[in-house]
Structure formats: C-alpha cells, structure tokens
Amino acid sequence: RLIIHERMNGRIYWLALASLVAAVGIFVALPTSIDPVAYSVTDDGPPKFTGPLAVNDHLSKARKLFEGEIEGPEAFAMADGYVYTGLRDGRIIRFGRTNPASYETIVSCTQGNCGRPLGLYFHPQDKSKLYVADAKKGILSIDLDTRRVQTLVNAHHPGNGIPPLVFVDDLVVLSNGSIFFTDLSKKFGLEEVEAEVMEARPNGRLLHYSPSNGSLYTVLEGLHGANGVCVGPNEEFLLVAEMTRARVTRYYLKGPKTGAGDTFAQNLPGIPDNITPSSRGGYWMAFAALRDNGVLDMMAGLPWLRALVYKSGLMGPVKALIQKHGMILELDANGQIVKSLHDPNGVVATSSSSVLDLGDTLLVGSYYAPHIAVYTM
C-alpha cells in the first residue's frame, strides 16, 4: 500500500507539473495587443555615470512650485513675462515668470470634453497665438486675447488622406507659421504608453501642417516613440526624441541635406521625453525613466518576456524595479552630453518631461508630478 501511495503521489506531482507547464504555454500563446520586437540600443549597455553624467544631488535641491495644486505640468511655453503649461486634467494655466505666487487658468476643461495638452508653442511672430499639441484632440490654437480655442488638425479626422492621429505629443511653429508635430504612436494612445514601450516598434511619425492652405503630410515615418521635437538654429533642422531607442534624430529643413535625416544623439541614459533649447546654445533633455540598472536593456532583447509581462498585468512590479532616479541633461550644439542634474532618490523630480531654461532658473515639468520643479542655477 505504501508503494502504491508513493506511486500515486508521484503521478499526481508530475500531472500537476505537466498541467502547470501546459497552462503557462497556453497563456503565453494567447494573443496580446502588443507585438514586441527584439532590439538593442547599444551592445555596450547604458552609458556610465561618469564625467558629465556623474551623479550629483543638484536637482533634489529644487523647490516645488504649486505643490498639490496641479498635476502633470508636461511642457512649457513663455511669452510676455508669463509661463504657460498644460495639466493632466485638461487645463492650460499661466503664471508670472518673476513672481509665480499664483496661477491663472487660460483654458478650462468641461466634463466629457477634456483633452490632454502636452506640447505648447508660441507663433514666433505673434505672441497672442498659443499652439497646443493635445494628445487626444490634435493640434489646437488659442487666441489669448479672446480665449477662443480652434482645432487646426482634428486627431480623429486629420484629412489629406492621413490616418487618424493616435497620440499627438509635441510641436514647433516656424517663422512662416508652418507647424511640425509628432504623433508618438499610430497604434497606442495616451492611456497605452506602456504598451508602446513594451512593443518598441517604429510606430511614431513626424508631420507637417500648413495653416495657410490646410495641407498636412507625413515628414518622417518609422520613428520609435516620436516624443519631443525642437527646432535648431536658423530653423535649419528639427530634432526628434525617439523614446524606445534612447536617441535623438535630426531632420534637415535647409541646406544640401534638406529632407534627409541622421542621428544627433544616441545611447542616451534613459527614455527621452521632450528636448528644449538651452540658454548656452545647446539643448536640455528630460527623461521619463533611466536605464542605469539595466532592466530596460535586458528586456529589450526578450520580446516574449515583454509580451508576457504586459499580458500578465505585471507592469507595476517591472516599473518598481526601475530606480526612482531623476535626471535631466544638457547637450551641446553637436549632441554631446556636457552637463547633468540629478535627483538620485527621486525626491523632487523622479520622472521629468520637459525643461524651460530661463537663464538663471530651470523649470522642470513632469507628466505625473503634483508640482513644477524650480532649480536655481
């Protein structure tokens, strides 16, 4: 009887193990909304935190502006002594540059019609017109004199044969009034940014819109998470941050390379968000998360693991493995890293989205934070 009992226990064990393996196999084989691809940012791994990337605590000393009063000040624009930013609840606010004791709501949000203003930009020749890249609605313009909001490019029906815009992210306006903007992903929207990161396919694009004649066309396709966009000196080129490849792509607007592109900066130390001008002639780069502990790079080469993590609802634990180390960095005019400001413990700026350089002060935004980080240079 003892032998029979042991045999039965053994059979039950192997049956249970086989059932578990089969269940895991079936689960892995189940379809998922993402189709991950294996990739590598670089064979050498993330850059070492030495030289201009050496860890410091400068950013952790920034003060918190409007703490608890706002949420998600994603990006900034400035004109006539006021700084403007868009919030997670759909509002656009402004506050004085020199005495930001309080803020004023410029655009409010009505129930059921709330967008998500991300990129903001003023017309170079007309500071009464604020242009907005709204993740849900498309490209908007705001007449600050009348507070009238006009939809220039409807995300759902952009026209000109362009497929719907799924995740409008950032924009720039040139001196002739033409607008270049990014659609972060043609597949995943605002609430699915984690899916875009896990899939890591070239779903992003850069588009051009001309308000004078209403023309709209795609400038660059095949971008990997087309995030922030910035215009170079004399409007000679555009810089586009590619989120899932940790790089910045340059697109030429003038000169012998017009219409061509190349890599401006690569193997950046994190997931790049917005890129903005530096007062020293370079560019500030903000990062949603850093690559310093190797978690993101390890998963890059394992598409099946990323699919499993996303399908299993394990994004929370994965994000917990990514250190709460905040950082922004400055690139020179050639795309080389010259300076970095850190918040090693994520006290003030765990995840940054954009930097506004005021010369003696930096304003650091975030997609999630309940404040604006103000760092005195």
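A residue is called buried when its relative accessible area is under 20%, exposed when that area is over 50%, and partly exposed in between (1.4 Å probe, protein chains only). By that rule, 51% of the 377 residues in the chain are buried.

This is a predicted model: local features need pLDDT of at least 70, side-chain atom pairs count only at pLDDT 80 or more, and totals for chains, interfaces and linings use all residues. Residues are numbered from 1 along each chain as its sequence is written, and side-chain values use heavy atoms, with hydrogens and water left out.

**Stop 1: the whole chain**

Show the cartoon. The chain has five helices and 24 strands. These are DSSP runs, numbered from the N terminus: helices are H or I with at least four residues, strands are E with at least two. The radius of gyration, taken over C-alpha atoms, is compared with a globule rule of 2.2 Å times the number of residues to the power 0.38. The chain's value is 23 Å, close to the 21 Å that the rule gives for 377 residues, so the chain is as compact as a globular protein of that length. Along its principal axes, the C-alpha trace spans about 90 × 50 × 50 Å.

**Stop 2: Asp 169**

Select Asp 169. It sits in strand β10 (residues 168–173). Which side chain of opposite charge is nearest to Asp 169? It is Arg 116, 9.5 Å away. Asp 169 is buried yet has no salt bridge. A salt bridge here is a side-chain nitrogen of Lys or Arg within 4 Å of a carboxyl oxygen of Asp or Glu. Now show the contacts of Asp 169 (heavy atoms within 4.5 Å). Leaving out residues up to four places away in sequence, Asp 169 touches several residues, including Leu 118, Thr 182, Asn 227 and Asn 274.

**Stop 3: salt bridges**

The count comes to 14 salt bridges. Select Glu 104 and Arg 147. Their closest N and O atoms are 3.1 Å apart, in a salt bridge. The pair links distant parts of the chain, 43 residues apart: Glu 104 is in strand β5 (residues 104–107), and Arg 147 is in the loop between β8 (138–143) and β9 (148–154). Glu 104 is partly exposed at 32% relative accessibility. Arg 147 is partly exposed at 33%.

**Stop 4: two more pairs**

Select Asp 57 and Lys 61, whose side chains meet in a salt bridge (3.7 Å, N to O). Lys 61 is exposed at 59%, while Asp 57 is partly exposed at 36%. Finish at Asp 297 and Arg 291, a salt bridge of 2.7 Å, N to O. Is Arg 291 buried or exposed? Arg 291 is buried, at 3% relative accessibility.

Key. Lys and Arg count as positive and Asp and Glu as negative; His and the chain ends are not counted.
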